[in-house]
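Please keep the sequence and the model open while reading.

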Amino acid sequence: MKIAGFTIVRNAVLNDYPVVEAIQSILPVVDEMVVSIGDGDDGTEELIRSINSPKLRIVHSVWDPTLRQGGVVLAVETDKAFRQISPDADWAFYIQADEVVPEQYHAAIRAAAERHLADKRVEGLLFKYLHFYGTFDYVGDSRRWYGHEVRIIRNDPTITSYKDAQGFRRNGEKLRVKPANGFVYHYGWVKNPQQMLQKMKHINQFWHGDKPADEQPLATAEVFNFDDFDSLERFPGPHPGVMAARIARLNWQVDIDVTQKRFSFKNKLLYWVEKATGKRLFEFKNYKLL
């Protein structure tokens, strides 16, 4: 069995993406790692090369600025990277530049891929998610944060990235999946307030690129406000080992009162049901669980 990892990244230094940690977090699981680097001059390629792994293979891409609306360019670039993996790979492990897989799940993930290798009904493997917010101490615990997503897919050219590269579809249909028995930790909302604002302004261009600069979201903001949440809880730890150095460099403080809940009546009721039963009712699922 061969698993190929792949990811896309652009302006990683400018936006302080934990892409090195993301790549390092799946290197023990994959047999090769394709990194598609978008056009830019902020030192992203040098950053990626610092990983210094024989599994690493860098390719280059020019992002189409006309595909910014709705985040379409992210899906296009993901598909381009997917097509760069070795043709003899059985599975493709996609990791985004702000996602990290904890090391304690490596063996289980590899075992799940092996277990379902011969069953062609299984088109992908499904991961559980934790979304960190503000600092490394808080995670979202409401339905606002998606709880699962597909990150390992068959090496099948009929599978393509969906919408803004959140998940995948095969010939436009949801993938049939089995659990990967692992977690992905999403750190995209953990930055100092100034850096977070800069990142959001940059990212918003991929969704609102047709609007004038003064009409873009956060155009007049001077700092990112981390009060925009409905429900958070404290994370008891531990974090993945590859994140240790980054966490040690934390140089800001965001104090969040996790007792604050900002729900409509409907969402408050659904939140209570989920906490009581462990089931998230009426959740959109970008997959079909076998």
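Q: Which residues form one aromatic cluster in this structure?
A: In this predicted model, one aromatic cluster is formed by Tyr105, Phe132, Phe136, Phe183, Tyr185, Tyr187 and Phe235. The structure holds 18 aromatic pairs.

Q: What makes the pair of Phe93 and Phe127 tilted?
A: The ring centres lie 5.4 Å apart, and centres within 6.5 Å count as a pair. The planes of Phe93 and Phe127 stand at 35°, whereas stacked rings need planes under 30 degrees apart and edge-to-face rings over 60, so the pair falls into the remaining class, tilted. Because Phe93 lies in strand S4 (residues 91-94) and Phe127 in strand S6, the pair ties together parts that are 34 residues apart in sequence.

Q: Why is the pair of Phe132 and Tyr187 called stacked?
A: The ring centres of Phe132 and Tyr187 are 4.7 Å apart and their planes are at 10°, and since planes under 30 degrees apart count as stacked, the pair is stacked. Phe132 belongs to strand S6 and Tyr187 to strand S12, so that the pair links distant parts of the chain, 55 residues apart. Both residues are buried, Phe132 with a relative accessible area of 0% and Tyr187 with 3%.

Q: Which residues have the most contacts inside the largest nonpolar core?
A: They are Ile23, Met33, Ile48 and Phe93, in a core of 60 residues. Strand S6 (residues 124-133) gives the most to this core, with six residues, and the core draws at least three residues from each of domain 1 (3-188) and domain 2 (191-228). Leaving aside neighbours within four places in sequence, Phe93 is in contact with residues including Ile3, Phe6, Ile26, Val101, Phe127 and Ile152. A second, separate core of 23 residues includes Val73, Leu74, Phe82 and Ala92.

Q: What makes Asn181 and Phe282 stand out in their phi values?
A: Most residues other than glycine have a negative phi. Asn181, however, has a positive phi near 60°, and Phe282 has a positive phi of about 60° although it is not a glycine. Asn181 is found in strand S12 (residues 176-189), whereas Phe282 lies in the loop between helix H7 (265-277) and strand S14 (288-289).

Q: How do you know that the bond joining Gly237 and Pro238 is cis?
A: The omega angle of this peptide bond is about 0°, and the bond is cis. Most peptide bonds are trans. Pro238 is found in the loop between strand S13 (232-234) and helix H6 (244-248).

Q: What makes S9 and S11 edge strands?
A: Strand S9 (159-162) and strand S11 (173-174) each pair on one side only, in an open sheet of three strands with the order S9-S10-S11 and antiparallel pairing.

How values were computed
Residues numbered from 1 in each chain as written. Predicted model: local features only at pLDDT ≥ 70, side-chain atom pairs only at ≥ 80, totals over all residues. Heavy atoms only, no water. Pairing = 2+ DSSP bridges. Helix = DSSP H or I, 4+ residues; strand = E, 2+ residues; numbered from the N terminus. Core = buried A, V, L, I, M, F, W, Y, C linked by side-chain atoms within 4.5 Å. Buried < 20%, exposed > 50% of the residue type's maximum accessible area, 1.4 Å probe, protein only. Domains from an automatic or database assignment. Contact = heavy atoms within 4.5 Å. Phe/Tyr/Trp six-rings, centres within 6.5 Å; stacked < 30°, edge-to-face > 60°.
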